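Here is a short report on a single protein model. Please look over the sequence and the fold first.

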Amino acid sequence: MRLFIIAIFALACATTAVAIDSFQKIPRQRPDNMNTSATWISPAFSVAYFTDESVVPLNKIHTWTLFVTSKDGSPVEDAEISISGDMPEHLHGMTTEPRVSRGAGLGQYLVEGMNFHMPGWWEITLDISHGRSRNLVIFNLLIGEGDGMKDHNHMQQHMNMNTNEKWLSKRSQWQGF
Ligand SMILES: [Cu+2]
């Protein structure tokens, strides 16, 4: 009986978290022919990303390097770039807030604090402004798939994540920080 109550409680937490995060949003189905290219060409920019890992990792904080060029191939310096990541099927974002800074010139930008805490489809949106041009560049990622990881249980992971977050906030209240 006690286990059952805990399960109901966890389910309620997960549902609440999804509801808050998904305010005025609608889940999207994964498209059949998803473009998962690491290079994207927008009306004003061509953008490519590289990571410091051989495969974009699941549940690990890591760094991206962006290469931004204009349509004629020249490096775009001093662009303003913001980045966000979402799981369109689940209506939630990242647990980190990645920071974008200037890289080593030649249109390079460093993105620190990338972390994909769940396997599945992630959509990374870059909002790039430079001069009078502003474009959104969207990368699709399939995290943790292809190595026998397809049969994960999303709800279970949402519950675990939720429980962890609740526990961490409780602990910080107890410890006064
Ligand atoms: Cu998710």
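## Basis

This is a predicted model; local features need pLDDT of at least 70, side-chain atom pairs count only at pLDDT 80 or more, and totals for chains, interfaces and linings use all residues. Residues are numbered from 1 along each chain as its sequence is written.

## Layout

The protein has two helices and nine strands. Both kinds of element are DSSP runs numbered from the N terminus: helices are H or I with at least four residues, strands are E with at least two. From the N terminus, the order is α-β-β-β-β-β-β-β-β-β-α.

Of the 177 residues, 20% are buried. Buried here requires 20 or more other C-beta atoms within 10 Å of the residue's own; exposed means 12 or fewer, partly exposed lies in between, and C-beta atoms are placed from the backbone. Take the contacts between residues at least 6 apart in sequence: 63% join residues at least 24 apart. A contact needs C-beta atoms, placed from the backbone, within 7 Å.

## Sheet

Four strands form an open sheet in the order β5-β4-β8-β9, with antiparallel pairing. The edges are β5 (92-93) and β9, each with a single partner strand, so one side of each lacks a neighbour in the sheet. Pairing requires at least two DSSP bridges between two strands.

The antiparallel pair β8 and β9 runs over eleven bridges. L126 has V137 in β9 as its bridge partner.

## Nonpolar core

The largest nonpolar core holds 26 residues. Such a core is a set of buried Ala, Val, Leu, Ile, Met, Phe, Trp, Tyr and Cys residues joined through C-beta atoms within 7 Å. L66, V68, I81, V111, L126 and I128 have the most contacts inside this core. Two or more residues each come from β2 (45-51), β3 (62-70), β4 (80-87), β7 (108-114), β8 (120-130) and β9 (133-143). β8 gives the largest share, five residues.

What does V111 contact, leaving aside neighbours within four places in sequence? Its partners are T63, W64, L66, I83, P98 and V100.

## S46

S46 is in strand β2. Is S46 buried or partly exposed? S46 is partly exposed, with 18 other C-beta atoms within 10 Å. Not counting residues up to four places away in sequence, S46 touches T39, I41, T69 and K71. S46 and V68 are 22 residues apart in sequence, yet their C-alpha atoms are 5.8 Å apart in space.

Definitions and conventions: Two residues are in contact if their C-beta atoms, placed from the backbone, lie within 7 Å.
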